[in-house]
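Trainee: I would like to go through this structure with some questions. Could you take me through the answers step by step?

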Amino acid sequence: MPDAELAAVRVAGSALGTSTMSGCVADGQAAAAKALSALGIPAPDVRLPAIDEPPHEVPSVVLWAVPDPRDDTDPCRQFVDLQRDATVQDILRAVGAGLTSMEHVKRYTTIGTAHDQGKTSGVISSGIVADALGVDMANLGTTTFRPPYTPVSFAALAGRDRGEIFDAVRVTAIHPWHVAHGALFENVGLWKRPWFYPKDGEDFQTAVLRECRAAREAVALMDGSTLGKINVQGADAAEFLDRLYTNIISSLKPGSIRYGVMCGMDGMVIDDGTVSRISETEFLVTTTTGNAAKILEWMEEFAQTEWPELRLKLTSVTDHWVTVPLVGPRSRAVLAAVAPDLDVSNAAFPFMTWRDATVAGLDARVCRISFSGELAYEINVSAWDGLTLWEALIEAGKPHGVTPYGTETMHVLRAEKGYPIIGQDTDGTVTPQDLGMSWVVSKKKADFIGKRSHERAENNRPDRKHLVGLLPIDPQKLLVEGAQVLSSSEVPEPPVPMLGHVTSSYRSATLRRTFALALVRAGRDRIGETLHAWQDGELLPVTVAHPVLYDSEGARRDG
């Protein structure tokens, strides 16, 4: 009830706390007079009728459970919580069991635990319990009301996830060095990865071209620690990986590495990476940075629910290792300087093998893997030793002009070689065959995930989209990633028939021009043709090319 007059509102009668009939009528007359006066209208003099008041006031009765007038009330049919179908009988049974706290009664009966959290039943339940116990309801209290009964503040929803910690951030052990040397970063999954390292006065393109030249002509290194790493151990580890990958893994010998592709049930590529065989029963699997958690979950799902008879264990070891790719024609000389006991010759240390060695005084695992097409080594050490390794490689590489490079340069180098990035050059509708990688799909294995789908007519149509290279006729014109590709030099009336789209586009220091990768319908059959990419309101002519635009023979990987 209001404790003072309200603006533009007149309160009278029971709403003002008046309990007698004559009082309510008098309140109404007074309120009407004030309203008329506020309008400048004189109130008429009206005599109120005489009202016979009842001889005494009838006290109000609080009824939490209304008795049946026939006096045969069945408490089992008196519902208190309609969402939980809980009744008065349930409450009385709880009290009869010795429960005297509303919190205990709530859990005994489940009253107040449904969607409204007691909004319709909480107070009623307390009243019934208070009557049954013969105590004051004010002393008994109610249950704790939770959302949505009580509202939740946006601050509570946000919690600590605000400002810089709005989203989780992961950094590698070498991150402080990158920051100190002016690296600009990009987000890859939850990781902060060096994007490029600009020197004074350099813009983005100048810095990236410099880093690319260093990797192709001298020696460069990058922080590849974010690469997903999963340890697979067990007597059936080889069989498990054979079922997951499109190619055969079980024939891999200890000390060797094999590139592999994983497909979904529909036969579409979901990830790629390398598999290193550590021993007869242990493998180290790498995944793309952004897919590490997804692939571990995928592997766990099949290990636990589809093939529980296989004896193996999966462990994420991404954070355990720091990985530094050392890339370029002079990388062998730099590695030899910090690992004098390791024979780094091609004969002793061939491509796609690994060796345990001491590098810069640290226990390390060195892999002959290349994501650039150049002679390269991936050096893995404990995360605790990561910064020490990096600084030792920087120091040993100074006579050779060593250059740190970021993710943008990595993308340029791999795209020049036609290596796809899963999730960038694929879109969930791409098979290994579409990528020109039929060689990675085994014809000998009885089965693997996606094999049946690869045999569907739909997945073998000649007009499927293929990964191809695009060379703009104007060699300085940089295509926009996502640009649609058309066959005609003029835009036809809608609906416009699109042949595909640009997936990756870069400026190359080695090719001395721009280039792109694209998914184009029947692309491999169009090599040499001129198509057009829609960009900035115009159609740019491009020549369809093989996706491998640099060192197609693979001669540079051995130095």
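**Cavities and salt bridges**

Mentor: The residues that line the second largest cavity divide into 2 nonpolar, 4 polar and 1 charged. Here Ala, Val, Leu, Ile, Met, Phe, Trp, Tyr, Cys and Pro count as nonpolar, Asp, Glu, Lys and Arg as charged, and the others, Gly among them, as polar. This is a predicted model, in which local features need pLDDT of at least 70 and side-chain atom pairs pLDDT 80 or more, while totals for chains, interfaces and linings use all residues. Residues are numbered from 1 along each chain as its sequence is written, and side-chain values use heavy atoms, with hydrogens and water left out.

Trainee: What is the volume of the second largest cavity?

Mentor: On a 1 Å grid over the protein atoms alone, a cavity is a set of points where a 1.4 Å probe fits but cannot get out, and lining residues have an atom within 4 Å of a point. Grid points are joined across faces, edges and corners, and a volume is the space filled by probe spheres set on the points. The lining includes M102, K106 and T143. The volume of the second largest cavity is about 40 Å³.

Trainee: Which element gives the largest share of the lining of the largest cavity?

Mentor: The largest cavity holds about 120 Å³ of space. Strands (E, at least two residues) and helices (H or I, at least four) are DSSP runs, numbered from the N terminus. The lining has 14 residues, and the largest share, 3 residues, comes from β8.

Trainee: How far apart in sequence are the parts that R216 and E416 tie together?

Mentor: The two side chains meet in a salt bridge at 2.6 Å, N to O; the term means a side-chain nitrogen of Lys or Arg within 4 Å of a carboxyl oxygen of Asp or Glu. R216 lies in helix α8 and E416 in helix α13, so the parts tied together are 200 residues apart.

Trainee: Is R311 buried or exposed?

Mentor: R311 forms a salt bridge with D236, the closest N and O atoms being 3.0 Å apart. Buried means under 20% relative accessible area, exposed over 50%, and partly exposed in between (1.4 Å probe, protein chains only). D236 has 14% and is buried. R311 has 54%, so R311 is exposed.

Trainee: Where is G361?

Mentor: At 65% relative accessibility, G361 counts as exposed. The C-alpha atoms of G361 and K34 are separated by 96 Å. G361 is in the loop between β12 and β13.

How values were computed
On a 1 Å grid over the protein atoms alone, a cavity is a set of points where a 1.4 Å probe fits but cannot get out, and a pocket is an open set with protein on both sides within 12 Å along at least five of seven lines; lining residues have an atom within 4 Å of a point.
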